[in-house]
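Have the viewer open as you read.

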Amino acid sequence: MVESDHPYANLEDKLWLVSNPDANAGATRLRFARFELEEGVDWLLVLDAYDNEMQRLTGRLPDNFWTEPVPGTMVKLRLVTDGSVRRWGFAVDALASVPYTTLAYSPHPYPHNSSLEWRFNNLDANAAGTRLHFSRVELEENVDWLVIMDITERPYQWITGSHPDGLWTIGVPGNGVIVRLISDGSVRKWGFNLDALESAKPDEVQPRPEPEKALAESKHPYEPNKQLEWTLVNPNPAAAFSKVHFTRLELRGGDSLVLLDGNNNRIQTFGEDTDLWDFWSDDVPGRIVKVQLNAGDWREGWGFRIDRLVDGEAQAALAESPHPYYPNWTNTWTLVNPNPAAAFSKVHFTRLELRGGDSLVLLDGNNNRVQTFGEDTDLWDFWSDDVPGRIVKVQLNAGDWREGWGFRIDRLVDGEAQAALAESPHPYYPNWTNTWTLVNPNPAAAFSKVHFTRLELRGGDSLVLLDGNNNRIQTFGEGTDLWDFWSDDVPGRIVKVQLNAGDWREGWGFRIDDIAPKAEEKPTPAFVTSVRVRLGQPGDLWLNNVYLGRASVAGEYLVRLPQLGENLIAVETLFHRQEIVVGTEKDGSVRIEYSGIQPKEK
């Protein structure tokens, strides 16, 4: 039915639409005859007709695997891949209609930090109240919520946790109901499906469940010129991360509140003039969360109250800065790929935020700069470029103002297996010229060409390809941004790559991973494609007794010759035999006789 390329391309973002011909289908499922993507890096998103995510697939799945039901008759498949490592891909060979009743549903899983809303009208104009039925609810317990409201947005019921067999809501006055899904920044569950609405007697408002006792709380307001600390412990002994819930946090006049882990590493900092209600902290590694309140000598605020502590994301960090990181600080983390045969490695950032002239640099084991992120970077959930070898060094360089959140790396995997033949730093250095010399190992190569996985140049910079005699063959200038392409042919076996950088706006640079032709490849025969004819006076031009036109003035004219056919005898040597005869007639016309013949097969 539909399938990707085999293998699929790097940096792909491609969409397929699959339509179920059964117009009465409640939902549609797809069957994959084969499914192979790079695990945890490349993804196939299963979407409904409205682009709601229903399922996210990666890695290798069993043959004849079926998707979850997608409501309706349209299924969209979106393949999103990174810049290295390609697998076979996927092939869908069947679909099936399944019964499915729905009035509304969330994405599966629902997004982080969301506040999504659905509104429903009861068609019974005389209804005193309305209630809803959910066939399934799965939310993070006491963290993410479904809020059931009346048409004035007054909350009547708060639903959380797992209800696999479904539930009815209480009755909300009137014939209008609002459902709002609220989630925090970590741990996502399946969400909900709402399948029925009916008239019902209105019920009393149910307040949001709140624990009676605070886990940690300052005085209100807190006292000046004091530093106080509270230590909280997650009761789950297997918790890789923990997070706390603030009912309120208010700070004033240069004061701060810092969250630290059990090793006193700073994880999150709130500064003066913070005024927040009902929110969750960032994830803190381990079971211990330390809360440190630092108060100066003026303008004390209300303070804080923490009422809950729960598990954070299960995936531990491989490397992580303080949040925010310290000013005037440089630190390096060294990560090692456990695969001893890895030619390249790459790391996954859950988040990276830099401010005020700060930078984060990725280096290989030889301290070569591979990738640099500069000030005002604010990225979530992405993979780095490939770093040669098994070692990835992460260097954070902070100045003296506007520190950002920092970074968190949670995964390291193999990069592309093909080693680079030549590669610049990423980005390359300003005011820098460097030349790489590549030699085609094929001794019979009359011409060579190189393959770029990527080339990006900025600000007046250039990259030049030269042959072994330093003749310039091809030049790329500023504004170049190309992926996965071959260069022009360079005469001989030697290809020189010269990068010339000015003093501003350096780009990513380049990576070359292949050179051709290989020794086992049959070289492309060379042949003449055109001739230039210099006329001393006006005259007619003919090619193989075909009239081309009249040259109205004296000068030089380019005549393109017919290309040799595809069905010629097999090539025996590098060059075609060609015969070109140019003659001038008494009437002033020029006649060109041309034939292209290849040697006969032995």
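## A glutamate and its partners

The side chain of E250 comes to 2.6 Å from the backbone nitrogen of W302. There's also a polar contact between the side chains of E250 and R248, at 3.2 Å. (A polar contact here is a pair of N or O atoms within 3.5 Å; within protein, one must be able to donate a hydrogen and the other to accept it, and residues adjacent in sequence count only if both atoms are side-chain atoms.)

E250 sits in strand β23, residues 241–250. E250 counts as buried because its relative accessibility is 13%; buried means under 20% relative accessible area, exposed over 50% and partly exposed in between, with a 1.4 Å probe and protein chains only.

## Where the values come from

This is a predicted model, where local features need pLDDT of at least 70 and side-chain atom pairs count only at pLDDT 80 or more, while totals for chains, interfaces and linings use all residues. Numbering starts from 1 along each chain as its sequence is written, and side-chain values use heavy atoms, leaving out hydrogens and water.

## The β2-β9-β4-β5 sheet

Four strands make an open, antiparallel sheet in the order β2-β9-β4-β5. Its edges are β2 (13–19) and β5 (53–57), each pairing on one side only. Strands are DSSP runs (E, at least two residues), numbered from the N terminus, and two of them pair if DSSP finds at least two bridges between them.

Inside this sheet, β4 (43–47) and β9 (74–80) run antiparallel and are joined by five bridges. L44 stands opposite L79 in β9.

## The β12-β19-β14-β15 sheet

Another open sheet of four strands is ordered β12-β19-β14-β15, again with antiparallel pairing. Here β12 (115–121) and β15 (155–159) are the edge strands. Six bridges connect β14 (145–150) to β19 (176–182), and I148 faces V179 of β19.

## One cavity

How many cavities of 30 Å³ or more turn up in the whole structure? The search finds one. The largest cavity has a volume of about 40 Å³. (On a 1 Å grid over the protein atoms alone, a cavity is a set of points where a 1.4 Å probe fits but cannot get out; lining residues have an atom within 4 Å of a point. The volume is the space filled by probe spheres set on the points, which are joined across faces, edges and corners.)

Its lining is Y222, E223, K226, L228, L293 and A295. Strands β22 (226–233) and β28 (288–295) each supply at least two lining residues.

How values were computed
1 Å grid on protein atoms, 1.4 Å probe; cavity = no way out; pocket = protein on both sides within 12 Å on 5 of 7 lines; lining within 4 Å.
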